[in-house]
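Q: I have a model open and want to learn how to read its features. Can we go through them one by one?

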Amino acid sequence: MAATILVIEDEPGIQEVLKFNLGQHGHDVLVATDADEANRLLQGALPDLILLDWMLPGMSGIDFARRLRADHRLKDIPIIMLTARSEERDKIQGLETGADDYITKPFSPRELMARIKAVLRRRAPQMTEDLVEIEGLRLDPVSHRVHGDQTPLELGPTEFRLLHFLMTHPERVYSRSQLLDQVWGDHVFVEERTVDVHIRRLRSALEPSGHDRLIQTVRGSGYRLSALPG
Ligand code: CA
């Protein structure tokens with residue numbers, strides 16, 4: 001489960017420890033020392049998760065979390081707050097602001113990794129390597145294989161990512177631009193009709209087992225993966 005993680009932390013020692021440990025676990029790490037620098041980085045890339053220090057110079061971590069949650073483009077990025085405070089009252093404030101979890105310094109790398117994994121599993125299931133299965137359609141992120149009722153199905157890499165995202169977010173409609181953000185990555189200059197092309201390819205890849213029926217077009221809105229009739 002390799003994710004892009006933005007670390008917002010002003011203490012160089014902790015920055016280093018985080019960078020090292022996250023890197024060891026295969027994550028890509030972006031580092032900012034304050035809210036301004038984080039904002040600049042966020043303009044260019046959407047991380048999969050943010051580790052946010054509570055006590056930052058300038059805007060506090062709490063205020064920054066609040067601002068992220070109010071931003072249409074950034075509101076879905078999972079946040080784990082890092083803090084030296086361990087009081088229950090502070091923890092509640094942190095979670096109310098929109099943080100997904102909270103970790104108190106000093107923390108062990110093992111604990112941090114476990115929490116990152118748990119938050120990603122909850123908030124971004126397409127980042128995990130859990131096998132997903134819907135209506136006899138099985139996708140295995142580890143082996144990168146897809147089977148429809150035991151029949152191996154051949155998918156291109158984009159179709160695989162698209163299917164993985166849709167299978168981990170079933171019964172919800174996604175617009176073309178949401179799918180571009182989620183599957184292609186933000187700030188990639190891809191035209192929206194590209195999504196239609198890959199949906200068409202995905203459907204024909206799923207045809208041998210009849211699972212193309214799961215990929216539904218929602219007129220005027222986008223696409224949905226659903227086990228229910230469209
Ligand atoms: Ca700090």
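Q: Where does E171 lie?
A: This is a predicted model, so keep that in mind throughout. E171 lies in the loop that links α6 and α7.

Q: What is the phi of E171?
A: Start with the general idea. Most residues other than glycine have a negative phi. Here, E171 has a phi near 65°, a positive value in a residue other than glycine. E171 is partly exposed, at 39% relative accessibility.

Q: Which loop holds D149, and what is its phi?
A: D149 sits in the loop between β8 (145–148) and β9 (151–153). Its phi is positive, about 45°, although D149 is not a glycine. D149 has a relative accessible area of 45%, so it counts as partly exposed.

Q: Is the peptide bond from K105 to P106 cis or trans?
A: Again, the general idea comes before the case. Most peptide bonds are trans. The bond from K105 to P106 is cis, with omega near -5°. P106 belongs to the loop between β5 (101–104) and α5.

Q: How do I read two packed helices?
A: Two numbers describe them: the angle between their axes and the distance between the axes. Take helix α6 (residues 157–168) and helix α7 (residues 176–184): their axes come within 10 Å and cross at roughly 110°. The two helices are therefore roughly perpendicular to each other. From α6, the contact uses T158, R161, L162, F165 and L166; from α7, it uses L179, Q182, V183 and W184. By class, these residues are 6 nonpolar, 2 polar and 1 charged.

Q: At what angle do α6 and helix α8 (residues 193–206) pack?
A: The angle is about 85°, and the axes are 9 Å apart. So α6 and α8 are roughly perpendicular to each other. On the α6 side, the contact involves T158, E159, L162, L163 and L166. On the α8 side, H198, I199, R201, L202 and L206 take part.

Q: How far apart are P125 and T168 in sequence and in space?
A: They are 43 residues apart in sequence, yet 5.9 Å apart in space, C-alpha to C-alpha. P125 lies in the loop between α5 (109–123) and β6 (132–134). Leaving out residues up to four places away in sequence, P125 touches L120, H164, T168 and H169.

Q: Is D53 buried or exposed, and what about M55?
A: D53 is buried, because its relative accessibility is 2% and the cut-off is under 20%. M55 is exposed, with a relative accessible area of 52%.

Q: What else does D53 touch?
A: D53 is part of strand β3 (residues 49–53). Its side chain makes a polar contact with the side chain of K105, at 3.0 Å. Residues up to four places away in sequence aside, D53 touches I8, E9, D10, E11, G61, L82 and K105.

Q: Is T83 buried or exposed?
A: T83 is buried, at 1% relative accessibility. T83 is found in strand β4 (residues 79–83). Beyond its neighbours within four places in sequence, T83 is in contact with W54, Y102, I103, T104 and K105.

Definitions and conventions: Residues numbered from 1 in each chain as written. Predicted model: local features only at pLDDT ≥ 70, side-chain atom pairs only at ≥ 80, totals over all residues. Heavy atoms only, no water. Buried < 20%, exposed > 50% of the residue type's maximum accessible area, 1.4 Å probe, protein only. Axes fitted to C-alpha atoms, helices over the stretch in contact; angles between N-to-C directions. Helix = DSSP H or I, 4+ residues; strand = E, 2+ residues; numbered from the N terminus. Parallel < 35°, antiparallel > 145°, perpendicular 65-115°, else oblique. Contact = heavy atoms within 4.5 Å. Nonpolar A, V, L, I, M, F, W, Y, C, P; charged D, E, K, R; others polar. Polar contact = N/O pair within 3.5 Å; in protein donor to acceptor, adjacent residues only side chain to side chain.
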